[in-house]
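User: I am new to this structure and would like to know what stands behind the words used for it. Please set the values against the definitions.

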Amino acid sequence: HPSLRRGGQGHHDGLPATPGQTAAGGPNVGYQPGRRKIDPRRVGPQRDICRYVDRSHCGSFPPRGRRVVSWGSFSTNNPGCWCRASPVGKAVSTPGPARIMGRKLVAGVTPGRGGQLFDDAVPVFDSVGEAVDATQANVSLIFVPPPFAADAIAESVDAGIPLVACITEGIPVHDMVGLYRYVKANPVRLIGPNCPGMINPGARCKVGIMPGNIHMPGRVGVVSRSGTLTYEAVGQLTGQDIGQSSCVGIGGDPIIGSSFVDILRLYNDDPDTDLVTFIGEIGGNMEQEAAEFIGSSEFTKPVCSLIVGATAPTGKRMGHAGAIITGESATAESKIRALERAGSRIIPTPADIGDTVAQALSEIGLRV
């Protein structure tokens, strides 16, 4: 309800908003977070469709509404593309694993807590911009409650952070529509929302909530809409002594920052990845788009694919907000057919992930 969101002072009379306006009465011009100045250095040819405007009429966020964690670049041979850290705020995890992974947590952000220290070592800032100016952080991990998460992502984009991962589940789709355009109009890669994050075991670098101890360095990439199935796949691969080059959970919401094709393109260009384990599910048509890319001349690496949700009834949401059958293309059968036509090896059930990948590697001579 508009009056309950973002400190909202929306319509209370039950009347619809005026055409061309948002429910809170402001102009409908794309993503519109709180009052911020536009940096003319970051205004590009596409910025007009999703520029920032004054939203003072929407009220201000609670001072503890946003929690963002940022990291710096960790090593010269692995520039700041992957990282591991613990969040600042309510959802505090043990900082020890961050140091075991060998990466440096350089800053935390919680409005109203600037000047404090996390774990007696990590400085806390009031804004992402302040954190970036002070520490040159280049990755942001977001654990913000759904009503405020879109603005936290936008704040990271505004600060010039090139890689953002958002774990939050339940961000309103309306918020993500404008934010998606804004992210795509800037030099940033967004992973999620509603995702487990990402990990590079070889670089000992993790951004997210996956259990790091089940991973091992190797040459198989994993990309999945499901966090739990990502862990299941990795557990089986490691159990078969098959290491991973990197693992990415792209998220289970209807609108996410990076698609299967985006990540598959990165794996295709990665010299450290020989094979990709692909895990999709019912809902939407991202798997069909991925199948088209896998079957094209652009993609040159073998893929083992698992599609879950074959027994889900039509029209019933199964777990993720995006896991709902709304048409023929959203069914598991349609997705499996598309991937088979593209030349992907189909994994029959989640229990067969490790065995199927091991067999595929053996057949192409990459496993004895």
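User: What should I know about the model before reading values from it?

Analyst: This is a predicted model, in which local features need pLDDT of at least 70 and side-chain atom pairs count only at pLDDT 80 or more, while totals for chains, interfaces and linings use all residues. Residues are numbered from 1 along each chain as its sequence is written, and side-chain values use heavy atoms, with hydrogens and water left out.

User: How many helices and strands are there in the protein chain, and what counts as one?

Analyst: The protein chain has nine helices and 14 strands. Both are DSSP runs numbered from the N terminus: a helix is a run of H or I with at least four residues, a strand a run of E with at least two.

User: Why is the link between Asp-272 and Arg-219 called a salt bridge?

Analyst: The term requires a side-chain nitrogen of Lys or Arg within 4 Å of a carboxyl oxygen of Asp or Glu. Asp-272 and Arg-219 have an N to O distance of 3.8 Å, so the pair qualifies. Asp-272 is in the loop between helix 6 and strand 12 and Arg-219 is in strand 10, so the bridge ties together parts 53 residues apart in sequence.

User: Which other residue forms a salt bridge with Arg-219?

Analyst: Asp-274 does, with its closest N and O atoms 2.6 Å apart. This pair also links distant parts of the chain, 55 residues apart, with Asp-274 in the loop between helix 6 and strand 12. In the whole structure a search finds eight salt bridges. Among them is the bridge of Glu-363 with Arg-345, at 2.4 Å between the closest N and O atoms.

User: How do you know whether Arg-219 is buried, partly exposed or exposed?

Analyst: Buried means under 20% relative accessible area, exposed means over 50%, and partly exposed is in between, with a 1.4 Å probe and protein chains only. Arg-219 has 37%, so it is partly exposed. Asp-272, at 44%, is partly exposed, and so is Asp-274 at 22%.

User: What is the relative accessible area of Val-183, and what is in contact with Val-183?

Analyst: Val-183 has 3% and is therefore buried. This residue is found in helix 4 (residues 173-184). Contact means heavy atoms within 4.5 Å; leaving aside neighbours within four places in sequence, Val-183 is in contact with Ile-153, Val-157, Val-188 and Leu-190.

User: Why is strand 2 described as largely enclosed?

Analyst: Five of the five residues of strand 2 (residues 105-109) are buried, so the rest of the structure largely encloses this strand. Two bridges join strand 2 to strand 4 (residues 122-125), and the two run parallel.

User: At what angle do helix 7 and helix 8 cross, and what is that called?

Analyst: The axes of helix 7 (residues 286-294) and helix 8 (residues 332-341) come within 8 Å and cross at roughly 5 degrees. Angles under 35 degrees count as roughly parallel, over 145 as roughly antiparallel, 65 to 115 as roughly perpendicular and the rest as oblique. Helix 7 is therefore roughly parallel to helix 8.

Key:
Axes fitted to C-alpha atoms, helices over the stretch in contact; angles between N-to-C directions. Pairing = 2+ DSSP bridges.
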